[in-house]
Amino acid sequence: MAKDQKNGVWKSGRGKGRSHPKGRQLDDTAMAQISALIAFDQMARDMLIENLHILQDAFGHLSAAHLRALSSQMHLSMAEVYEVASFYAHFDVVKEDEAPPPVLTIRVCDSLSCEMAGAQQLMAALKDGLNADEVRVLRAPCMGRCDTAPVLELGHNHIDNATPELVKAAIEIGDIHVHLPDYEDYAAYVADGGYAELKNLRGKGDWEQVQEKILESGLRGLGGAGFPSGTKWGFVRGNTGPRYLAVNGDEGEPGTFKDRYYLERTPHLMLEGMLIAAWAVEAEGCYIYMRDEYPAAIEILKREIKILEDEGVVDIGYIDLRRGAGAYICGEESAMIESIEGKRGMPRHRPPFVAEVGLFGQPTLVHNVETLHWIARVCREGPEVLNATELNGRKGLRSYSVSGRVKNAGVHLLPSGSTITDIITAAGGMMDGHSFMAYQPGGPSSGLLPASMDDIPLDFDTLQPHGSFIGSAAVVILSDQDSARAAALNMLRFFEDESCGQCTPCRVGCEKAVKLMQADHWDQPLLEEICTAMADASICGLGQAAPNAIRLTMKHFSGEVS
Ligand SMILES: Cc1cc2nc3c(=O)[nH]c(=O)nc-3n(C[C@H](O)[C@H](O)[C@H](O)COP(=O)(O)O)c2cc1C
Ligand code: SF4
Ligand code: FES
């Protein structure tokens, strides 16, 4: 160090002194833009993902200058902001020397039902027919519209049964925004007796009586794990507050679209169920985590939550709606909690469970959207609304999301003891020219079963002896014109893309399995070794269940892979 004799300041070396600190500089314009877009009181740590959305929506990408400015205004390190921004598929991080993406993005779903309906050909035709400088075409996982496959999202406009012609027509008229369906709004819901039960309970209700009702109905978690809902309330209440409630609206398991179905029709059943559950566990606040792929549901919830505040049903800010950013793993409850806290969606090690140490370190009740829908209905209509139905020794109802080679794909509400034959019948039978060959009973995590196994009630606990499980009841029907091997590869590609990468058996196992499954003849002993490592040593359900698709294909469709 030498002293500048003229100015009397210390310099870092020979020559001129340093005019600014080392490292990436703060850009005045980016700072001003952020101040204009994001309110000063929105700078808490957990708002990071929401703030990244604001920038992505405004500029179509996240520039290095904006990330640096945001890190300064949120008092976070650049590394923290960058690791979050780069974790989620819906954020486009653009470094100083990179060009931003085109203004318009098309995401083409390539999960199983869409692939069976020609997603790859659709994607190729779009890439050929559109100007890549103006529109970029990306692959994307399931968008929860499998009943209208193939599906794509143009900006925020979802196009069902998509064709290149429909896309070009939509681009020409600038139809790139979300379309809202007709739904039962607050006024209609209240006119039909809605929120009366909540008012009753808040006035003179006994939470243990409500818990008893829920237990009697037999309601189990419809996010896939099937944990008895009433029992979970007891666990959460057993821990000292403050407590929170978090709604899992991530619905990322390919083939599942029941939550979207209910939210886009009767959103207040979910909202009332949530407020009843929140009352039961004395929650200080409710967080609703909705996947970014459901812009219509997000807009509906925004509007209806505002009405609940205006009508005095809830205090302002009691319900906090959060938007995911394109990461399937954020459906796993502890990853969802990390994401609500504004972090990467990496599942936590358990114990402690989220009922004990959840959101912001506090006991948290996590419920799936459909579970809450049924909580409202059980409270209003009694436990019989579920437990009065019995089939094949199983009690209750199940919303099966059905897609693939059936005539009437869609959500079919059927007895929980339904077999695949019942489900295909309810869905109008097989498409003309197709005969039933195989089925995915509950998303890729459940693997594939052959048509010969058509007498199993598709409920919680009934599929485990067969190496599968019902999960979120995402049923995909395959025909003699499909390939079990191609379906299994599609499933593993999905897991490879969506693995959070935090544990080696899952991160490396998915990648190696995808490579091996592309060979004409599968190296079955090696695949089995990988499956064992993944199932035994992965941290969360993604890595633990991904082997189901490999094992069941080797077991039931060996002719296709040997
Ligand atoms: C990899 C993985 C993904 C999951 N995705 C979802 C999801 O998208 N939606 C959901 O409600 N539950 C999902 N779950 C289950 C949740 O972890 C949790 O069990 C559920 O939200 C609890 O609510 P429930 O008891 O009402 O089902 C997932 C679990 C795993 C392991
Ligand atoms: S199993 Fe996969 S998704 Fe789950 S924590 Fe490990 S790497 Fe992440
Ligand atoms: S929307 Fe394409 S598979 Fe679900």
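A residue is called buried when its relative accessible area is under 20%, and exposed when the value is over 50%. The exercises below apply to a predicted model.

**Exercise 1. Which residues of helix α21 are buried, and how are they arranged about the axis of the helix?**

Step 1. Locate the helix: α21 covers residues 524-537, which makes 14 residues. From first to last C-alpha it reaches 20 Å, close to the 20 Å expected at 1.5 Å a residue.

Step 2. Apply the cut-off of under 20%. Leu527, Ile530, Cys531 and Met534 are buried in α21.

Step 3. Look down the axis. The buried residues of α21 fall within an arc of 105°, so they line one face of the helix.

Step 4. Turn to the face directed away from the buried side of α21: the exposed residues Pro525, Glu529 and Asp536 are found there.

Step 5. Identify the packing partners. The buried residues of α21 pack against α20 (504-516), α22 (541-545) and α23 (547-556).

**Exercise 2. Describe helix α2, its buried residues and what covers them.**

Step 1. Helix α2 runs over residues 48-59 and has 12 residues. Its reach from first to last C-alpha is 17 Å, close to the 16 Å expected at 1.5 Å a residue.

Step 2. The buried residues in α2 are Leu48, Ile49, Glu50, Asn51, Leu52, His53, Leu55 and Gln56.

Step 3. The cover over these buried residues includes α1 (28-37), β3 (62-63), α3 (64-73), α4 (78-85), β11 (319-323) and α15 (333-340).

Step 4. Gly60 follows α2 and has a positive phi, near 80°.

**Exercise 3. Where is Pro101, and what does Pro101 touch?**

Step 1. Pro101 sits in the loop between β4 (93-94) and β5 (104-109).

Step 2. Its relative accessibility is 21%, so Pro101 counts as partly exposed.

Step 3. Not counting residues up to four places away in sequence, Pro101 touches Gly60, His61, Asp92, Val94 and Arg136. Gly60 is the residue that follows α2.

Definitions and conventions: Residues numbered from 1 in each chain as written. Chains lettered and ligands numbered in written order. Predicted model: local features only at pLDDT ≥ 70, side-chain atom pairs only at ≥ 80, totals over all residues. Heavy atoms only, no water. Helix = DSSP H or I, 4+ residues; strand = E, 2+ residues; numbered from the N terminus. Expected span 1.5 Å × (residues − 1). Buried < 20%, exposed > 50% of the residue type's maximum accessible area, 1.4 Å probe, protein only. Arc of directions from axis to C-beta. Contact = heavy atoms within 4.5 Å.
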